[in-house]
Amino acid sequence: MKIYKTQSEVEKDIKNGVLAITGDVKFECSISIEANIDISAGNISAGNISAGDILYYAVAFVYKSIRCKSIRGKRPNSHHFALDGEVVVYGKEVSK
């Protein structure tokens with residue numbers, strides 16, 4: 001398992017504007033990065049997600065709630081939703 005304890009450790013793994021995550025990873029610090037994050041995951045467990053711009057391919061959903069600056073899908077018929085909460089967008093760009 002890769003464990004990030006500081007912002008600088010995360011920044012060192014950003015290559016060509018992408019933080020590629022493969023396998024188990026744990027962030028033991030808050031992070032703020034200007035990069036895309038590639039995640040290959042079957043299960044993401046997080047207590048509180050507050051994000052900037054979220055761009056997804058076809059479908060994005062959360063069980064509880066998520067707060068983000070913007071969220072949009074790449075496909076014209078893409079869709080995002082929260083099962084037991086809400087998607088809170090505090091920025092300008094919202095599209096389904």
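Analyst: A word on terms comes first: two strands are said to pair if DSSP finds at least two bridges between them. The model is predicted, and its protein chain averages a pLDDT of 82, with 83% of the residues scoring at least 70.

The open sheet consists of three strands in the order β5-β7-β9, and their pairing is parallel. Because β5 (50-56) and β9 (87-89) stand at the edges, each with a single partner strand, one side of each is left without a neighbour in the sheet. Neighbouring strands of this sheet are turned by 50° against each other on average, when direction is ignored. Looking at one of these pairings in detail, strand β7, which covers residues 66-73, is joined to β9 in the parallel sense over three bridges. Within this part of the sheet, Cys 68 has Val 89 of β9 as its bridge partner.

A side-chain contact can be followed from Tyr 56, a residue at the end of the range given for β5 (50-56). The side chain of Tyr 56 makes a polar contact with that of His 80, at 2.7 Å. His 80 itself is placed in strand β8, which spans residues 79-82. Its relative accessible area is 4%, so His 80 counts as buried, the cut-off for that term being under 20%.

As for confidence, strand β8 has the highest mean in the protein chain, at 92, whereas the lowest, at 74, belongs to strand β4 (residues 36-39).

Definitions and conventions
Residues numbered from 1 in each chain as written. Predicted model: local features only at pLDDT ≥ 70, side-chain atom pairs only at ≥ 80, totals over all residues. Heavy atoms only, no water. Helix = DSSP H or I, 4+ residues; strand = E, 2+ residues; numbered from the N terminus. Axes fitted to C-alpha atoms, helices over the stretch in contact; angles between N-to-C directions. Buried < 20%, exposed > 50% of the residue type's maximum accessible area, 1.4 Å probe, protein only. Polar contact = N/O pair within 3.5 Å; in protein donor to acceptor, adjacent residues only side chain to side chain. pLDDT = per-residue confidence, 0-100.
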